[in-house]
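Work through the exercises below with the structure open beside you. Try each task before reading its solution.

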Amino acid sequence: MHIVVPMKQTVDLVEELELNDDGTDVEREYLKFISNEWDEQALEEALLIKEASPGTTVTVVGLDEVDVDQTLFAALAKGADRAIKLGGDFEEGISSHQRASILAQVIEGLSADLILIGVQSPEDLDGQTGVLLAGTLDLPHVSVAIGVEPHEGGVKVSQEFGAGVVHEIAVDGPAVIGVQAARQAPRYVAISRIRQAMQAGGLEEQEAPEAAAAGSGLTIRRLFAPEAASQAEMLGGDADDVAARLAQIIADRGLVKA
Amino acid sequence: MGNDILVLVEHHAGAVHDSAAELLGKARELAAATGGEALAVLLHDGSAASLASGLPADRVLSVEHEAFAHFLPEAYVLAMAGLMADRDPRLTLVANTTVGMDLAGSLSARTSAPLAAYCIGLEVEGDVVVATNQVFGGKLHAEVEMPGGIASVVAGAFPPAEGAGGATVESVGAPDGLGNLRMRFLARVEPETSDVDITAQDILISVGRGIGGDENIELAEDLAGALGGVVSASRPVADAGWLPKTRQVGKSGRKVKPKLYIACGISGAPEHLEGMRDADLIIAINTDENAPIFDVAHFGTTEDLFDVVPALTEALEAAASAA
Ligand SMILES: Cc1cc2nc3c(=O)[nH]c(=O)nc-3n(C[C@H](O)[C@H](O)[C@H](O)COP(=O)(O)OP(=O)(O)OC[C@H]3O[C@@H](n4cnc5c(N)ncnc54)[C@H](O)[C@@H]3O)c2cc1C
Ligand SMILES: Nc1ncnc2c1ncn2[C@@H]1O[C@H](COP(=O)(O)O)[C@@H](O)[C@H]1O
């Protein structure tokens, strides 16, 4: 089985998100970019399948976004067989529709049996890439998966609903699965191993194909910070002052232990 | 493009999901503005046919086929893409649930209809539809224009429709292709139960990724002990195995409404807020002053949780022994 895992670099949400001059995007130039956490879950699930099913190969694919080399080499260090970097100018960010269009063209040439991709990324204004990709390639898809295992020539997917209800679905490949969580937490790989992978090279580079011209169909008017629904009263002072205030607030509401 | 507003009605185990009334309420309002109808789509296998009459829509499009016995993405996509082509609605609304997240993008790619994801606002302004959407984990909102298309709507974004039923029910033939799907439903697995039911607690000390590791959960356990509460968690904490899945609060976890919810190192992503925003008193401890958790909290602090949590435990214990 050949599993392809598209990986995306996305904005680190812990950063302060400043807007660009016309207020239609974040100011990407100064932001920190990290590997999309759900793509890391998808990679982990792919590696779990590989370990359990001899003959499985895993290929990771990423657009040339800030620090993508780090992500792709880390994937190789963790056990991916191939890593492909798609060159192009993505500094301004691209929509999910454009990303899906590029990935669709690349994946068509990879003879994938299974595409595992993060269920979402924090930038999915025009939808999640995985399902857009499935629609573009006319492949079956299951999203919000918390487990993917080989099953009767295809895979068995555990699809998660609210309150912990899970549906098990058998899917014939090739298929696109949007991974919410791998069956176990993504493995850790030491920086030294990533460095080794970097020294060994092995990143395949090719130009990204043109995205379909249609784009997302959305015109962004503005981005803005939401007005707080109920503005929290922020408590000043050091931790002890804050703790004293909080203890008082809790006591005033009669919430202390009898 | 027509003027109707098409709404996919989600239903599970014989009951209509809460999202349906919220989406249909909005659909009726939008249909009044476009001069179209609010069309509810009910995909079912016959056993749920009776749900149609209770839906607050202008018209219910009832499609019956055994492939709709459970949610099966491929079957739903075929049906919805077919209805979108036949009825040419101005807008198609799905809930931003597992079902909606699975369908919306696929439908957008197949029908070339634009898609506004994580939608929390929708208005018609002449020829354009204006959608407001959560992005970057809820830290920002994006206002976008589209000619029409699809919106996946966040839970609680719109008030539920008042008044029920009376809609015309129109039976629509099932689409071709349901006989040779590339997927099969195998089983429904009920959630595990546990000793601790977080939905039944008055006080929850909830920990997020900011807690750093399972070795630090103890800090929250100590505070919970001092307050007579229980420790709950955000999704990453449960996924990492630092606490059991049954302690997870949010969209895919449990919905809770305690008297006191203390969020420690939780950013307040939309999926987390969905599960706890109705708590009576919310206190948030987060070093990022821009974290969306402060949008729903009553009291907040940007001091480090590793300082505040033990200090609060100590203050409560000191007060208790003084009493
Ligand atoms: C379909 C779907 C369903 C989901 N369902 C759920 C769900 O049910 N429940 C859920 O919670 N999430 C759910 N999520 C995940 C959600 O999108 C977020 O990823 C998640 O809520 C983030 O968890 P967090 O706040 O713990 O982590 P983060 O977003 O990483 O936030 C950690 C926070 O801790 C703060 N922090 C760090 N160190 C400290 C410190 N020392 N002191 C104080 N603060 C500190 C940081 O400022 C940061 O804001 C779902 C996602 C999807 C796609
Ligand atoms: N797809 C589903 N299949 C079965 N049950 C579901 C599904 N989605 C939600 N539920 C149930 O519906 C109830 C309300 O779900 P929610 O409003 O999504 O939290 C919960 O008790 C779940 O058990």
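A residue counts as buried under 20% relative accessible area, as exposed over 50%, and as partly exposed in between. The model used here is predicted.

**Exercise 1.** Classify A:Arg221 and B:Glu145 as buried, partly exposed or exposed.

Solution.
Step 1. The relative accessibility of A:Arg221 is 30%, so A:Arg221 is partly exposed.
Step 2. For B:Glu145 the value is 24%, so this residue is partly exposed.

**Exercise 2.** Find what joins the side chains of B:Glu145 and A:Arg221, and state where each residue lies.

Solution.
Step 1. Side chains of opposite charge can pair when their charged atoms come close.
Step 2. Between B:Glu145 and A:Arg221 there is a salt bridge, with 2.7 Å from N to O.
Step 3. B:Glu145 belongs to strand E9 (residues 140–146) of chain B and A:Arg221 to strand E12 (residues 219–224) of chain A, so the pair joins two chains.
Step 4. Over all chains, the whole structure has 37 salt bridges.

**Exercise 3.** Describe the salt bridge between B:Lys257 and B:Asp280, and classify both residues by accessibility.

Solution.
Step 1. The N to O distance in this salt bridge is 3.4 Å.
Step 2. B:Lys257 sits in the loop between helix H5 (235–239) and strand E15 (260–264) of chain B, and B:Asp280 in the loop between helix H6 (270–276) and strand E16 (281–285) of chain B, so the bridge ties together parts that are 23 residues apart in sequence.
Step 3. B:Lys257, at 56% relative accessibility, is exposed, whereas B:Asp280, at 42%, is partly exposed.
Step 4. Elsewhere, salt bridges that share partners link A:Arg221, A:Arg222, B:Glu125, B:Glu143 and B:Glu145 in one network.

**Exercise 4.** Locate ligand 2 and describe its surroundings.

Solution.
Step 1. Ligand 2 is found between chains A and B.
Step 2. From chain A, the residues around ligand 2 are A:Phe161, A:Gly162, A:Ala163, A:Val165 and A:His167; from chain B, they are B:His12, B:His17, B:Arg188 and B:Lys255.
Step 3. Sorted by type, this shell has three nonpolar, four polar and two charged residues.
Step 4. Nitrogen atoms of ligand 2 lie 3.2 Å from a polar side-chain atom of A:His167 and 2.8 Å from a polar side-chain atom of B:His12.
Step 5. In the side chain of B:His17, an N or O atom is 2.9 Å from an oxygen atom of ligand 2.
Step 6. Ligand 2 taken alone exposes 470 Å², and the protein buries 71% of that.

Conventions:
Residues numbered from 1 in each chain as written. Chains lettered and ligands numbered in written order. Predicted model: local features only at pLDDT ≥ 70, side-chain atom pairs only at ≥ 80, totals over all residues. Heavy atoms only, no water. Near = heavy atom within 4 Å. Polar contact = N/O pair within 3.5 Å; in protein donor to acceptor, adjacent residues only side chain to side chain. Areas by Shrake-Rupley, 256 points an atom, 1.4 Å probe, with all protein chains shown as cover. Nonpolar A, V, L, I, M, F, W, Y, C, P; charged D, E, K, R; others polar. Salt bridge = Lys/Arg side-chain N within 4 Å of Asp/Glu carboxyl O. Helix = DSSP H or I, 4+ residues; strand = E, 2+ residues; numbered from the N terminus. Buried < 20%, exposed > 50% of the residue type's maximum accessible area, 1.4 Å probe, protein only.
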